[in-house]
Amino acid sequence: MRAVTWQGVEDVQVRDVPDPGIERPTDAVVEVTSTAICGSDLHLYSPLGAFMEQGDVLGHEAMGVVREVGSEVTRISPGDRVVMPFNISCGNCHMCRNDCYAQCETTQVREYGKGAALFGYTKLYGHVPGGQAEYLRVPQAHFGPIRVPEGPPDERFLFLSDVLPTAWQAVDFADIPPGGSVAVVGLGPIGQMSARIARHRGASQVFGLDSVPERLAMAERHGVTAVDTGRENDPAGLVRDRTEGRGPDSVIDAVGMEAHGAPLGKAAQAMAQLLPDGVAQKLMERAGVDRLAALHLAFDLVRRAGTVSISGVYGGQADPMPMMDLFDKGVQIRMGQAHVRRWTDDILPLLTDADSDPLGVDDLTTHVVPLDQAPDAYDKFQHKRDGAIKMVLRPHAA
Ligand SMILES: NC(=O)c1ccc[n+]([C@@H]2O[C@H](COP(=O)([O-])OP(=O)(O)OC[C@H]3O[C@@H](n4cnc5c(N)ncnc54)[C@H](O)[C@@H]3O)[C@@H](O)[C@H]2O)c1
Ligand SMILES: [Zn+2]
Ligand SMILES: [Zn+2]
């Protein structure tokens, strides 16, 4: 089959790889009809390259049609339309029973001290081949895949794999008081949906901060007050002025380790790319290699005794933190990988009515291209060229 493979830093290629099959009784094989590129894939594309192996199949946002199931998979059958959560969880370990699916103890990658295995996400997360491919082997398929109705186009449901539950969790963790205010830093797909979900769930004031014009415009289309960090000298001051001088009750960091305007972290990431993998891995594990401009902006923005919810992914171990300010302001911080299945039953009913779209998911995808065009799609998405906001690949497009 054809699959998007990582070949080196900023080098992905669509290659022939062996077809997946059932390896365990809890597996399924899904024919992928649509699969998206995520900001998390960009981290693998570039700064986390040291953890990748040549030929790794990328992708953790996929949906399609079940083709084969193992003997212990009874919830789904061949022919079902399904979306795969990006984290692979068993549904019955201690963590899963407590709804902490991103920490599943059955698939947890103990060798590297990490949480649940993820599709298409380096050896640190189980080295499971990803969904940017014609077919996907789905481990723990007795629990994971979400059945969705026939009818609406794939883009209605595809984002149940990651973007929607991640944004839902970001809002949940942000703990916005009823009628309160929130600022979302970063207006990529995660930030867009976090801002819209915050409105949907009752926030009265939602600010969105970014510097990319079409991302600011998209947020404005959905009732978000856009703040252009490229033009505004003091974005935190501007938001404070509009929140009675205090700052918003809650702030969501939807940027992560590749923030613009963080020269030290950028230099460290560039250096890591020049080092042999083993040395670079140690540097990434032990040094402050994240670009922290967005996170520090979040800490500055939030009002005293407010909450910062971090959904952007970070990877350094020695990142400098403004501990005095955080302590003095009394900031609460929550973060982590989304526990996808914990939120999908809340979200699915908001997607199934073809005539209404309360979360605006129909206005997120900017590019739909055949799988073979993945290299160009990665490049456009990384450089935010051609209005790229969310890229969807079709593995079986003619
Ligand atoms: N927690 C999870 O489970 C989870 C799941 C999916 C994605 N993520 C992470 O969420 C983050 C966002 O993902 P995405 O797909 O939306 O990516 P993206 O790269 O499209 O979006 C990031 C946005 O942040 C903006 N930005 C960069 N620096 C900024 C700064 N200093 N101030 C304000 N805005 C800035 C960029 O212009 C861009 O629009 C990534 O780190 C990704 O890895 C986490
Ligand atoms: Zn993703
Ligand atoms: Zn589990």
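**Exercise 1.** Which protein donors does the zinc ion (ligand 2) have, and how far from it do they lie?

*Solution.* A quick note first: this is a predicted model, where local features need pLDDT of at least 70, side-chain atom pairs count only at pLDDT 80 or more, and totals for chains, interfaces and linings use all residues. Residues are numbered from 1 along each chain as its sequence is written, chains are lettered from A and ligands numbered from 1 in the order written, and side-chain values use heavy atoms, leaving out hydrogens and water.

Start with the donors (N, O and S atoms within 2.8 Å of the metal, or 3.2 Å for Na, K and Ca). They are Cys38 (SG), His60 (NE2), Glu61 (OE) and Asp162 (OD), 1.9 to 2.3 Å from the ion. Next, the angles: 94 to 126 degrees among the 4 donor atoms, so a tetrahedral site (four donors, all angles between 85 and 135 degrees). Finally, the spacing along the chain reads C-x21-H-E-x100-D.

**Exercise 2.** Work out the arrangement around the zinc ion (ligand 3).

*Solution.* Pick out Cys90 (SG), Cys93 (SG), Cys96 (SG) and Cys104 (SG), at 2.3 to 2.4 Å. Their spacing is C-x2-C-x2-C-x7-C. The 4 donor atoms subtend angles of 104 to 116 degrees, which makes this arrangement tetrahedral.

**Exercise 3.** Describe the contact of H4 with H5 by residue class.

*Solution.* Take the helices (DSSP runs of H or I, at least four residues, numbered from the N terminus): H4 is 163-174 and H5 is 189-200. Contact means heavy atoms within 4.5 Å; among the residues making it are Trp168 of H4 and Met193 of H5. Sorted by class, there are 11 nonpolar (Ala, Val, Leu, Ile, Met, Phe, Trp, Tyr, Cys and Pro), 3 polar (the others, Gly among them) and no charged residues (Asp, Glu, Lys and Arg).

Note on methods. Axes are lines fitted to C-alpha atoms, for helices over the stretch in contact, and angles run from 0 to 180 degrees between N-to-C directions. Helices (H or I, at least four residues) and strands (E, at least two) are DSSP runs, numbered from the N terminus. Four donors count as tetrahedral if all angles lie between 85 and 135 degrees; four count as square planar and six as octahedral if opposite donors are over 155 degrees apart and all others between 65 and 115; anything else is irregular.
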